[in-house]
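Okay, thanks for coming, everyone. Let me put the next one up on the screen and talk you through it.

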Amino acid sequence: MDVGRLGLLAAALVAGGAGAFDGPDREALVEAHNRWRAEVGSPPLAWSADLAATASWWAENLKARRGCRMEHSPGPAGENLYWASPWRYADGRRRVQDVAAAQPVDRWAKEKADYDREGGRCAAGRQCGHYTQVVWRETREVGCGKAVCDDGSQVWVCHYRPAGNIVGRRPY
């Protein structure tokens, strides 16, 4: 899907309110990002309604077309994905897990332990690209969305502008 169509679909989604975050959750998402960014001296992020629209649209797309399988969007924004399983009970019931807005951001940022700051790369065999996107110095805006899937799982998507994780460059 081209970026133009993605943007139009995202705008329609925001107009309908699907996947949108309210004030307290939106503030918690931005605050969580900025807390991790402050640790490394990266400037704070601001919330972007249009990035939230594309992130919400992608979360709904993952729900509708991919059964909540994690897959990155066609871009061009930077992106982090988070998946949460439903609570499952012994009698077969499922319940949507309560996920605090800061939880996905904090989970991504825990990859900091696998980032070799001196070498400017992830430790061998480890993943740290979610963390580096959260703290990428040149990134100025973030927008996030989520979808609750038919099985009770949920997928969270945050989009970043400008995108980080540029090969050959350090995040801060």
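So, is C128 buried or exposed? C128 is buried, at a relative accessible area of 2%; buried means under 20%, exposed over 50%, partly exposed in between, with a 1.4 Å probe and protein chains only. Its disulfide partner is C122, S to S 1.9 Å, and C122 counts as partly exposed because its relative accessibility is 28%. By disulfide I mean a pair of cysteine sulfur atoms within 2.5 Å.

Quick caveats: this is a predicted model, where local features need pLDDT of at least 70 and side-chain atom pairs count only at pLDDT 80 or more, while totals for chains, interfaces and linings use all residues. Residues are numbered from 1 along each chain as its sequence is written, and side-chain values use heavy atoms, leaving out hydrogens and water.

Back to the cysteines. The structure has three disulfides. The C122 and C128 one is left-handed, since its S-S torsion is about -100 degrees. Then there's C144 with C158, S to S 2.0 Å. C144 sits in strand 7 and C158 in strand 8, so that pair ties together parts 14 residues apart in sequence. With a torsion of about 105 degrees, it's right-handed. Last up, C68 joins C149, S to S 1.3 Å, and both are buried. In sequence order, the pairing reads 1-5, 2-3, 4-6.

As for the fold, you've got five helices and eight strands, taken as DSSP runs numbered from the N terminus: H or I of at least four residues for helices, E of at least two for strands.
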